[in-house]
Amino acid sequence: LEFRRVLFRSSEATGDTLNAIARATTAQFEHTLIVHHRWSLVRTRFQLSQVIDAIKLEPGPVLSTLIDQALRHELDTACQRMGLRLVHVLDPVLEVLQDTIGEQATRRPGRQYALTGDYFDRIDAMHYVLQHDDGHAQRGLAEADVVLVGVSRSSKTPTCFYLANRGVKAANVPLVPGTPEPAELYTLDKPIIGLTLDAEALIDIRRYRLKTMHEGARAGLASRDATQYVDEDAVQAELAWAQKLCRSRGWPVLNVTKRSIEETAASVMQLVDA
């Protein structure tokens, strides 16, 4: 039995904070279909009135990261009149920090997106990942903060892009049996981390890619090579070879079979910071 519930999210900025909170919390409810209504960049009374009108049409609890006091008051009043629960999710953390630091928060919307050095670090990291994806521009590996290695379709590229969005310059190099690894890897004074996964999961991913993206043709794989690409024995041998190579070089290996990209990236950074 599945129940349907509505959840409103209102933010003065991009809404990324509320998205993360909503994903983490609503995932815990297995028998309820939660319909999300997302309103971002709400910075005027007119924009807020559109949010309130939408809530009136289909009432439900409201999560908010509004900072502007006038807008907060108006949303508070509207939700009270409708008898709806409203949570300003940043308030508990702001109160703790204010009490601890002894300074009042500025309460200026969107300050986390200011064009600071961190912002430009993320831009540089994104450019770096684009230039060093899948073993390209190997001479620039020395500029990386971390290098990921692994067989084809082991989540190297999406993990690198996720890390880049956090300002981490991440390069990735494919490990291909019979193909020499870049010599730069063996003189690199940067963390090198291997990614692997279970053979069954890897075969499923590769089959899907071959079917939907015609990867065999794009990569120039002959029919025999494409068959080997998803053959169980061949894949198991390929994974065993890659793990043996990583162990021989002292590179730590992460099994990403049951990890999301976010979890893989977090584990990578734990190893980098260790």
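Reply: Begin with contact, which means heavy atoms within 4.5 Å. Keep in mind that this is a predicted model.

Me: Which residues does Val 146 touch, not counting residues up to four places away in sequence?
Reply: Val 146 touches Leu 163, Val 168, Lys 169, Ala 170, Ala 171, Pro 191, Ile 193, Val 268 and Val 272.

Me: Is strand β5 (residues 146-150) enclosed or open, and why?
Reply: To read this, count the buried residues, where buried means under 20% relative accessible area. In β5, five of the five residues are buried, so the strand is largely enclosed by the rest of the structure. The burial holds for both faces: Val 146, Leu 148 and Gly 150 are on one side, and Val 147 and Val 149 on the other.

Me: Which strands pair with β5?
Reply: Look for bridges, since two strands pair if DSSP finds at least two bridges between them. With strand β6 (residues 170-174), β5 forms five bridges in the parallel sense. Leu 148 stands opposite Asn 172 of β6. Between these two strands the chain passes through helix α6 (residues 156-164), and this β-α-β crossover is right-handed. Strand β7 (residues 192-196) also runs parallel to β5, joined by four bridges. There, Gly 150 has Leu 195 of β7 opposite.

Me: What is the strand order in the open sheet of four strands?
Reply: The order is β2-β1-β3-β4, with parallel pairing. At the edges are β2 (32-39) and β4 (86-88), each of which pairs on one side only. On average, neighbouring strands of this sheet are turned by 20° against each other, direction ignored.

Me: How many bridges hold the strand pairs β1-β2 and β3-β4?
Reply: β1 and β2 run parallel and are joined by eight bridges. Arg 9 has Arg 38 in β2 as its bridge partner. Strand β3 (residues 62-64) pairs with β4 over three bridges, again in the parallel sense, and Val 62 stands opposite Leu 86 in β4.

Me: Where do the helices lie against these strands?
Reply: Read off the strands a helix crosses, then the angle. Helix α1 (residues 16-26) lies across β1 (3-10), β2 and β3, and runs at about 155° to β1. Together, β1, α1 and β2 form a right-handed β-α-β unit. Helix α3 (residues 69-82) lies across β3 and β4, at about 155° to β4.

Me: Does Asp 91 count as buried or exposed?
Reply: Apply the same cut-off, under 20% for buried. Asp 91 has 15% relative accessibility and therefore counts as buried. Asp 91 belongs to helix α4 (residues 91-101).

Me: What is Asp 91 in contact with, leaving aside its neighbours within four places in sequence?
Reply: The contacts of Asp 91 are Arg 72 and Arg 107. With Arg 72, the side chains are joined by a polar contact of 2.8 Å.

Definitions and conventions:
Residues are numbered from 1 along each chain as its sequence is written. This is a predicted model: local features need pLDDT of at least 70, side-chain atom pairs count only at pLDDT 80 or more; totals for chains, interfaces and linings use all residues. Side-chain values use heavy atoms; hydrogens and water are left out. Buried means under 20% relative accessible area, exposed over 50%, partly exposed in between (1.4 Å probe, protein chains only). A crossover is right-handed if, with the strands pointing away from the viewer, the path from the first strand over the helix to the second runs clockwise. Axes are lines fitted to C-alpha atoms, for helices over the stretch in contact, and angles run from 0 to 180 degrees between N-to-C directions. A polar contact is a pair of N or O atoms within 3.5 Å; within protein, one must be able to donate a hydrogen and the other to accept it, and residues adjacent in sequence count only if both atoms are side-chain atoms.
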